[in-house]
Amino acid sequence: MSEHAHTIHRDDFGDKLGMWLFLVTEIVLFGGLFIAYSAMRSHYPVEFHHGGAELNATLGVTNTVVLLTSSLTMVLSLAALQQADMAKAKAFLLTTIGLGGVFLVIKTFEWSAKFHHGLYPGSAHMGTLPPGEQVFFGLYFTMTGLHGVHVIAGMSVLGWMYTLLGKGKISTDRFVTLENGGLYWHLVDVIWIFLLPLFYLAA
Amino acid sequence: MSTTEHAPAPSYLEDAGGKTGLAAWLTTTDHKRIGLLYLYAMGLFFLIGMTIGLVMRLVQLTTFQHLVSAQTYNAMFTVHGVIMIFLFVIPGLPAVFGNFLLPIFVGAKDVAFPRLNLASWYFFIAGAIIAVTSLFTGHGAPDTGWSFYAPFSVKTGTNVTLAVFAAFVLGFSSMLTGINFITTIHRMRAPGMGWFRMPLFCWAAYATSWIQILATPIVAITLVLVMLERLFGIGVFDPTKGGDPVLYQHMFWIYSHPAVYIMILPAMGAISEILPTFAKRPIFGYRGIAFSSLSIAGVGSLVWAHHMFTSGMSEFAQLVFSLLTMLVAIPSAIKVFNWVSTLYKGSISFEPPLLFAMSFIFLFCIGGLTGVMQGALAINIHVHDTYFIVGHFHYVMFGGTGFAFFAALLYWFPKMTGKMYNKAAIYAGWVPMFVGFNMLYFTMLVLGMMGMPRRYYLHLPQYHLGHQIATVGSWFLALGIVIIIVTLVRAALKGAKAPANPWGGVTLEWQIPSPPPLENFEEIPLIEHGPYHFPQRSEA
């Protein structure tokens, strides 16, 4: 009995359904923050305007382009895999991870500039700002920070997929795992697309 | 459907797919073993929570007032709530009986993602360990109440950060289980098992899983915000920085009200399984019960602000939330009427699971109707934050979910362990349990109407008699629970062997041996009729 205990039961559609359900939980997780943002912004429209003016829209837009490009390379990697071009699939996957890294580097520059100007929760300078702006920066760091954590998580997932590609556990006729990893990466991208106008273009 | 023609496969308790000893349990991906792992862990937490409750009741007998300090009392009602809600009632029936039975109900060999299922259990245990750690480290156990209301929760010096992190980790366990169950129900049903041939427990588990997926992330992020507030002072809930504590209450209850349906829906599902078996007739109004589960989940997600009628919101919002709250009574009543109609003209065999199921209906009606009372705005103001609330939710959560948990445990115990318990001892335990329960919590309803506020360390003399009755009731209740648990543990260790189908049930779990083999079914069954297909008595 035991040799076919828990026989590998393969259901690609089921795997994708599970991934989509997980993405729903991620969307609701950020949804909670979007609720907080909407409530606070309706309390403090002027302060949010001033807060947005402090952010570097150029860096924000650059990062948007970086992430959108990484979503493209993600799809190209999957397409290459489906056409059995393993070298290309791996190269595009590495590019995706690399672009995630570029995003994080730009983010780090941006955050350190804010820290340099004393714009972080709990700083002395922050205490002198009007209450609504303090909440703006509180939300800014929370939401972009949580998004950053998701970028790191996404890069780790894709890195793991890279090793699976190497081992042949992801292959031309078994690509659902890479597809799911890609779905997660696109979600990270999509959330950023909402964060950009809410913070950087709020001014 | 005969499963004993040739040599029967070893049961899941003997056959762990080649693994032995403790590792066979701790690395198992068998849904049945994972169900038992949850049962053991939850049994332990339930007893701890119950003990804390007993001590709190002792404090309210004035002669024992110096048993604990006021600060300890605050910590105790917080910890009692956190343990009972996050470690027992929310995961309760889905994690134990959902895991054990859902795949069998739909005719599958396991859930859709067995390894993820084990991961859920580890998240649960990790959350529990963090919760326990928060009691003994930092600057004292959290003293906020289980709802962690801001701004107190972001200001208090006690160990709230770790406690909310525990709830965050437990939320992961809950969400992953929900994802697993929904995928299982969509993808793993046996050939011929259409949606309306599923046992009603599956519908309840399905509705519950959707709430777990759609509501849990909100409380997760809310708790993260509390942690960030405490660690970095981001200001979202802090009025001195422009934040809004009422926003915390909204975000907390957007999850935590639907969470009470996570607690009660699987209980209702279990009751819907038990009643047809002991009435020996199909459930009355199958579709009504199935859809009422979905509508409770749907409407129940839109009523959260009825916890906040005194927190400040527009009159219009109050009216809307009051109306929606009362609407929940409709699908709930549909279930109750259908259950009672199932018993009507049934060929009833009175056994312990049915006794507990009927106790559930009685106690749930009291809990449900007091809930409708609180939905009314005027009454709500009067009883807000009084013992009436405490009595109400113990009627629903304990009289409802708790009694249903016992009913389910007694019903499926022979299937899970392959042993039968001493029924007389169960009846002997039920009497003090039921009597003590009503002495304890009905008295609380009365005390609340008289104006006794909840969470108070001291009480005025006019409430003294009520507190004494309630405390004595808590002893009876605990006695009954101990008798039942001891009986079940004895039965598991050295009970008589149970037959495959001791109650004459007709759902799939009764068609396989007790305890079931590792892969549940020798071959995946073909389903040709609905779940409660009893042979006609005239043919029998």
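Biologist: Where in chain B is B:Pro515 found?

Modeller: B:Pro515 lies in the segment after strand S2 (496–497) of chain B. Another cis bond joins B:Ala150 to B:Pro151, with omega near 5°. B:Pro151 sits in the loop between helix H5 (114–136) and helix H6 (152–155) of chain B.

Biologist: What kind of model is this, and how are its parts numbered?

Modeller: This is a predicted model, in which local features need pLDDT of at least 70 and side-chain atom pairs count only at pLDDT 80 or more, while totals for chains, interfaces and linings use all residues. Residues are numbered from 1 along each chain as its sequence is written, and chains are lettered from A and ligands numbered from 1 in the order in which they are written.

Biologist: What is the mean pLDDT of chain A, and over which residues does pLDDT stay under 50?

Modeller: pLDDT is the predictor's confidence in each residue, from 0 to 100. Chain A has a mean of 92, with 96% of its residues at 70 or more. Over residues 1–7 of chain A the value stays under 50. Where pLDDT is low, the predicted coordinates should not be read in detail. For residues 1–7 the model has 14 contacts beyond four places in sequence, a contact being two C-beta atoms, placed from the backbone, within 7 Å.

Biologist: How many helices and strands does chain A have?

Modeller: Chain A has 7 helices and 0 strands. The C-alpha trace of chain A spans about 70 × 35 × 25 Å along its principal axes. Of the contacts in chain A between residues at least 6 apart in sequence, 76% join residues at least 24 apart.

Biologist: What share of chain A is buried, and is A:Asp11 buried or partly exposed?

Modeller: The test counts other C-beta atoms, placed from the backbone, within 10 Å of a residue's own: 20 or more is buried, 12 or fewer exposed, and in between partly exposed. Buried residues are 35% of the 203 residues in chain A. A:Asp11, in the segment before helix H1 (12–43) of chain A, has 14 such neighbours and so counts as partly exposed. From A:Asp11 to A:Ser42 the separation is 31 residues in sequence and 46 Å in space, C-alpha to C-alpha.

Biologist: At what angle do helix H2 and helix H6 of chain A pack?

Modeller: Two packed helices are described by the angle between their axes and the distance between the axes. Axes are lines fitted to C-alpha atoms, for helices over the stretch in contact, and angles run from 0 to 180 degrees between N-to-C directions. Helix H2 (residues 45–54) and helix H6 (residues 131–167) of chain A meet at about 55°, with axes 8 Å apart. H2(A) and H6(A) are therefore oblique, on a scale with under 35 degrees roughly parallel, over 145 roughly antiparallel, 65 to 115 roughly perpendicular and the rest oblique. The crossing of H2(A) and H6(A) is right-handed, that is, the near helix is turned clockwise from the far one by less than a right angle, with anticlockwise being left-handed.

Biologist: Which residues make that contact of H2(A) with H6(A)?

Modeller: H2(A) contributes A:Glu47, A:Phe48, A:His50 and A:Gly51, and H6(A) contributes A:Gly132, A:Glu133, A:Phe136 and A:Phe137. By class they are 3 nonpolar, 3 polar and 2 charged; Ala, Val, Leu, Ile, Met, Phe, Trp, Tyr, Cys and Pro count as nonpolar, Asp, Glu, Lys and Arg as charged, and the others, Gly among them, as polar.

Biologist: How do the axes of H9(B) and H13(B) cross?

Modeller: The axes of H9(B) and helix H13 (residues 352–375) of chain B cross at roughly 125° and come within 10 Å. H9(B) is therefore oblique to H13(B), and their crossing is left-handed. The contact joins B:Ile271, B:Ile274, B:Leu275 and B:Phe278 of H9(B) to B:Pro353, B:Leu354, B:Ala357 and B:Phe360 of H13(B). It has 8 nonpolar residues, with no polar and no charged ones.

Biologist: How many residues of chain B are in contact with chain A?

Modeller: 38 residues of chain B are in contact with 32 residues of chain A. On the side of chain B, two or more residues each come from helix H7 (160–187), helix H8 (200–232) and helix H9 (245–279). H8(B) gives the most, 10 residues. That side has 22 nonpolar, 10 polar and 6 charged residues.

Key. Helix = DSSP H or I, 4+ residues; strand = E, 2+ residues; numbered from the N terminus.
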